[in-house]
Amino acid sequence: MKRVLPFALLLACSAPALGQTVDSEGAKQLTDNLARYFSKKPFEIGFLKVSVEGDAYKLAFDFKPVVELLAKQDGLKLDLTPYTLLTKPRSDGAWDVSGNLAPEGSMEFNGPQGPQSMKISIKGGKFVGVYDPELAAFSSATSSLEGMNMTSQDARQRTEMSSGAGTATMSATKGATGGVDFSMVQTFADFAEVITIDNPNSGQKIPLTVKSPEFSVDAKGKGLRTKPILDLLAFAVANEDEAKLKADQAELKSHLLTALPIWERIDGAYSLKDFSVGSPIGSFGAATLGIAFGMDGVSRNGTISYGIKASGLSIPQNLVPAWSVALLPTDIDLNFGGANIDLDTMAKKAIEAFDLNNNPPLSADFGDGVKKDFLANGPKILIGHSTVKGGGAEIGLEGDMTFPDGEKPDANVTIDVTGYDKIVASLQEAAKTDPQASQAFTGALAIKGFAKTLPDGRIEWVINAKHDGSVTVNGAMLKGPDPVVEDNTDQDAIPGEGNNGGAGAKLQP
């Protein structure tokens, strides 16, 4: 909700301000602009009203009409405080925007497993920004809050989330190849979440407490197609009638193609300090925890990336044998992703092929053709360089997976270890008194037998698993190809002929 209402103002200010006089005629123009994207109904029922207030326009959101409409639905209740935004035209054609961060309130409804509810309150929430119609985005904006509380509950879980003071800043500029480049940074203090899970089998309540004194979000994007997306939304409102939409589907296809690639690249990262999770079995924690993600837009050779990085890891020591505590990971840096992802061909063929006059709009065999095109581009699943540190050792990992025959994959993984002898020595000492450690020690020695020693002292395993079922480690065959099985379907064969005698016999080399 806190992002929807500023976006509503973005739609309202879709034309340059050019230092216009603030008057009733201007208020009517803003109303018409909003109606282009949301239809006239919000104004007709009294949900939204645009008026003049001093040297600015006021957008007043009254949720009572919405509540009355929702009351007709069994079990649905909505209670939100009134919300207002102010916008003032600037001489450079942009608009100044200000208001509270978001409304407060609660919602109740019947979910698949019974009643559900949510309640949110924000203390001291403020939003200020400058909207640029040429970008169809805020060229700059800031928001802040003094604190926030949110509670949600369903039949199996209750969640209570809170935070202290928080701030957010964002900016946008014209992209070099079209669209908008943007950046956004958010920080929150004293983030806390208490999750209580109801176990339906035992009747027990399992509490989990998540805490971090500092939680931040950093996001960046390139080439976001804001204007084509708004045009597509306006087209949808203007063609709400099904018959009209079917008649104008050529224009719909044009809008969809213009909106591609939607964005060129979006990257984001979450970061938490002194992160902890309290549970009935003990406390888990990390001095720092970061989660990063990114993806290209709709392109011929797109990429996706995902990473988890943590330092100062800790777990309850009673969960593992005492001898293994010294070997537990303390730092991890894991990176995964994909490459050669062809969404462009898929999207354009789907846009070209669909016909709203048919049911379904796409033919039954369309998916098979798209899958073939997708695999023909050679998509890859990637393991980027990843590391796990602990016990004086460091394990490195990287690799990829491809699909040369369109079904079974080829996988290549390289694992290297620094300090493997320290791991073996620790297991050898523990093996004197612990049978589990003795088994681990034996396994560690066996695994080392396949390793290759590098000039810097690291030991390495290069593992290649082919789609034919064969597996090699450092060039040595660990497992040969799977037997080739061919079914002879010639039902006219004379019984007794063939390698194994008879039609339908299986040939195995």
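**Group meeting: loops, strands and salt bridges**

Let's start with one residue. Ile262 has a relative accessible area of 31%, so Ile262 is partly exposed. Here, buried means under 20% relative accessible area, exposed means over 50%, and partly exposed is in between, with a 1.4 Å probe and protein chains only. The areas come from the Shrake-Rupley method with a 1.4 Å probe, and for residues only the protein chains shown count as cover.

Now some ground rules. This is a predicted model: local features need pLDDT of at least 70, side-chain atom pairs count only at pLDDT 80 or more, and totals for chains, interfaces and linings use all residues. Residues are numbered from 1 along each chain as its sequence is written, and side-chain values use heavy atoms, with hydrogens and water left out.

Back to Ile262. Its phi is near 70°, a positive value in a residue other than glycine. Where does Ile262 lie? Ile262 sits in the loop between H7 and E15. Those labels are DSSP runs, numbered from the N terminus: helices are H or I with at least four residues, strands are E with at least two. Pro261 is found in the loop between helix H7 (249-259) and E15. Leu260 and Pro261 are joined by a cis peptide bond, with omega about 5°.

There is a cis bond between Asn359 and Pro360 too, with omega about 5°. Pro360 is in the loop between helix H8 (344-353) and helix H9 (366-376).

One more positive phi. Ala136 is not a glycine, yet its phi is about 55°. Ala136 is in the loop between strands E8 (126-132) and E9 (137-145). Is Ala136 buried or exposed? Ala136 counts as buried, at 5% relative accessibility.

Next, the strands. Two strands pair if DSSP finds at least two bridges between them. E13 (residues 180-198) and E14 (residues 205-224) pair antiparallel over 17 bridges. They form a hairpin with six residues between them, and Gly203 in the turn has a positive phi of about 80°. Asp198 has Lys205 in E14 as its bridge partner. E14 also runs antiparallel to E15 (residues 265-279), with 12 bridges. There, Lys220 stands opposite Asp267 in E15.

On to salt bridges. A salt bridge is a side-chain nitrogen of Lys or Arg within 4 Å of a carboxyl oxygen of Asp or Glu. By that rule the count is 24. Take Glu214 and Lys273, whose closest N and O atoms are 3.8 Å apart. Glu214 is in strand E14 and Lys273 in strand E15, so the pair ties together parts 59 residues apart in sequence. Asp267 pairs with Arg265, at 3.1 Å. Asp267 is partly exposed at 30%. Arg265 counts as buried, at 18%. Then Asp373 and Lys349, at 2.7 Å. Asp373 is in helix H9 and Lys349 in helix H8, so this pair ties together parts 24 residues apart in sequence.

Last, the nonpolar residues. A nonpolar core is a set of buried Ala, Val, Leu, Ile, Met, Phe, Trp, Tyr and Cys residues joined through side-chain atoms within 4.5 Å. Which residues touch the most other members of the largest core? Val50, Tyr57, Leu59, Phe61 and Tyr131 do, out of 47 residues. Apart from that core lies another, of 11 residues, including Tyr420 and Val473. In soluble globular proteins, nonpolar side chains tend to be buried together.
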